[in-house]
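Please open the model in a viewer and keep the selection panel at hand.

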Amino acid sequence: MELVMMELFLLIVVVSIAVSQKEASLLVKHQDVEVVSVAIAYIGYLALAVLSHVHIRGLFPFSPAIARLVTILHIVSIPLLIFVWMNSIEKRLLSKRSYSLFSRVQGALLVLFSVASFVDLTFNRLYVFSWEQMIRGGWGIPLMLGLSTFFVFVELGTALVKWKLIEWHERAIMVLTALFLLFSLVLFEVFRQPYMLSLSSAFMLLLSFLSWQRKELLLDWLTRIPNNQAFMKVLNKGISSHQHRTILLLDIENFRLLNERYAEDGGDAILRSFADFLKTTYEQAEIFRIGGNRFILMFPWLTHNELVREVNIIKEKTAKGCTIGETQVSFHVNIAIVEIPLQKNTVDEVVESLSFTMTEIKEKRRQPVIIFNQKLIGVRQRRLDILSILRKALLEQDMIQVYFQPIMDVDGNKPVAAEALMRLQDERMGIISPGEFIPLAEQAGLISMYTEIMLQKVCAFLIEHPSIQERLSHVSINIVAEDLAVGDIACRLLDILSQRGIDAKKIGFEVTESMVLSSDPVVTKSWQALRNMGVRFFLDDFGTGYANLDSLVNLPFDVVKIDRSVVSNTTNSYELLSLIAGMLERLGKEVIAEGVETLEQLEMVKSNRISYVQGYYFSRPLPPGDFLSWLEASSAD
Ligand code: C2E
Ligand code: CA
Ligand code: CA
């Protein structure tokens, strides 16, 4: 009775393991279902055990023929369970070829034994039954035990041969499973009791399930290679044991576009194929997928030549690409390389250096492979310094300076407006140019505060020098999309103007195309509110972006500024400039040509009927005092 109750209880336990493994494995693609198959074999074994023991204990006696059939099925189910179990472990350890050989030989033995057992239902040689239909003798049971023991030894042998490739907790599970099973088989032989076999099997199954789950936590669900968490662990271990390593961060460029083009399944296929390539090509490296389109290859330390070789292999592969359905997709991979140990030896430092190097690659757009080195350490240090200056300057606003560059009417070369350009003045680093600090301020989320300060300063300047308001139609300030993305920004900017008593018409905002293309409704709303108050908008850097004609026609720009690169582009005697100027003229836009440095450029601009220019030819951006004197001098001419 207790035996049957116990077996029923174990049945419940294992069914729930199988169900939860199945559920968990639904979340991951291409998982190895070994625990499920072992659990199913075990459920079969237990169900037959319950049936046979129900009969033996007299709880529900069967007819003699059925009783014999159930008993033999039960006996055959024991080596079957052990075969499925051991085989699932061997499958993980062995190469495809040896696995298929091993499993065929063992499978054939099992089939032979099963057939012999069933045939024996009529011969009664292997199994000698008593009149109560219990087994009294014969070779069947020793054969079954021998076969099962053989299966266990094959697994144990395989595990020992592949010992070095197995993680320690897997070793423990493999060896423990084998030992428990052997022990149970011995007990079965001595006492003819299946208690131990049923109990230890359930217990080991539970352990395997837990270990599978643990492993699953460190595996990427899509590519089945270790994930970011696993990378952190391995990196941590490498750093604390002072290993020399070369780490490659691989980033598939424009993956978002690939995903859009080939749909998500296609994107997944690219990632899987790339992961497979890495797995099969780099056996001596540890491979991780640490996020969306990013992979890590962690090598033992590589010499320069070795590194070049590995990088070339990756480049060749990605140029060849992979096939999705019937299309061949090639892609481009950026590679950031960091060697450990580094100066500051922490996981954070290594991860930061990798992502910093990748950012450098993306910003430079020329070099797809960069090694983190002393020079980059300098670049990064300078960025960190500027970042702290940016924070400091918010408190000490004298460090933020406004320079003014005049905008000239080509008809009479008179200044008609000005652009306000920001500078940062630091005691140690001197004057820092906006090309360097504006992107950092944007990244750090500080840009809107800087825009407000600029507006304050420009207003203060205009108040202090009322004559400027008379002489110049407006002063323009550069803003970025983020400036208009905050809900109340338009009100705040207009508040500044009204507090200072400045007419909104005296201020212009220069925006770039990327901002025009922003579909954020808050941006559009702020823009509209500012325009309604008379603030003017200028499209900056025209000719560098994607030149979306729609935006030009439909959006309310007062003036378009043609970028310096167009003005200085002399190929085919300024053809690009003529083209762009002609188009803008047809659209009826007013135009400012930026970056005019020479008389020749000025003449070209004039001949294209552009009315306004800005550039070093007339004046560089000047600090307020110098700008005032320059204005004086130019009116005296
Ligand atoms: P931008 O808006 O295109 O500003 C014009 C840049 O071209 C200025 O550089 C100016 O000094 C330079 N420039 C003007 N004429 C010539 C010329 O004839 N030859 C050459 N080689 N350069 C000329 P700057 O002041 O270094 O500013 C760089 C960029 O930083 C600006 O480009 C703008 O995008 C940004 N920036 C400057 N001040 C601010 C600001 O207050 N806020 C924001 N958000 N961005 C700013
Ligand atoms: Ca500008
Ligand atoms: Ca510009």
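Begin by selecting E510, a residue that is buried, with a relative accessible area of 2%; buried denotes under 20% relative accessible area, exposed over 50%, and partly exposed in between, with a 1.4 Å probe and protein chains only. The model is predicted: local features need pLDDT of at least 70, side-chain atom pairs count only at pLDDT 80 or more, and totals for chains, interfaces and linings use all residues. Residues are numbered from 1 along each chain as its sequence is written, chains are lettered from A and ligands numbered from 1 in the order in which they are written, and side-chain values use heavy atoms, with hydrogens and water left out.

**The calcium site**

Next, display the calcium ion (ligand 2). Its donors are E419 (OE), N478 (OD1), E510 (OE) and D540 (OD), at 2.1 to 2.3 Å. Donors are N, O and S atoms within 2.8 Å of the metal, or 3.2 Å for Na, K and Ca; water is not among the atoms, so sites may look incomplete. Along the sequence, the donor residues follow the spacing E-x58-N-x31-E-x29-D. N478 belongs to strand β13 (residues 474–478) and E510 to strand β14 (residues 507–511), so the pair ties together parts that are 32 residues apart in sequence. Strands (E, at least two residues) and helices (H or I, at least four) are DSSP runs, numbered from the N terminus. N478 itself is partly exposed, at 30% relative accessibility.

**A hairpin**

Move to residues 286–291, strand β4, and 294–300, strand β5, which pair in the antiparallel sense over 5 bridges; pairing requires that DSSP find at least two bridges between two strands. Which residue in β5 is the bridge partner of R289? The partner is F295. Between β4 and β5, which form a hairpin, there are 2 residues.

**The cysteines**

Select C459, which is buried at 0% relative accessibility. C322 is likewise buried, at 7%. With a disulfide taken as a pair of cysteine sulfur atoms within 2.5 Å, the count comes to 0 disulfides. For C459, the nearest cysteine sulfur is that of C491, 16 Å away.

**A last selection**

Finish at L59, in the loop between α2 (34–56) and α3 (64–93). L59 is partly exposed, with a relative accessibility of 43%.
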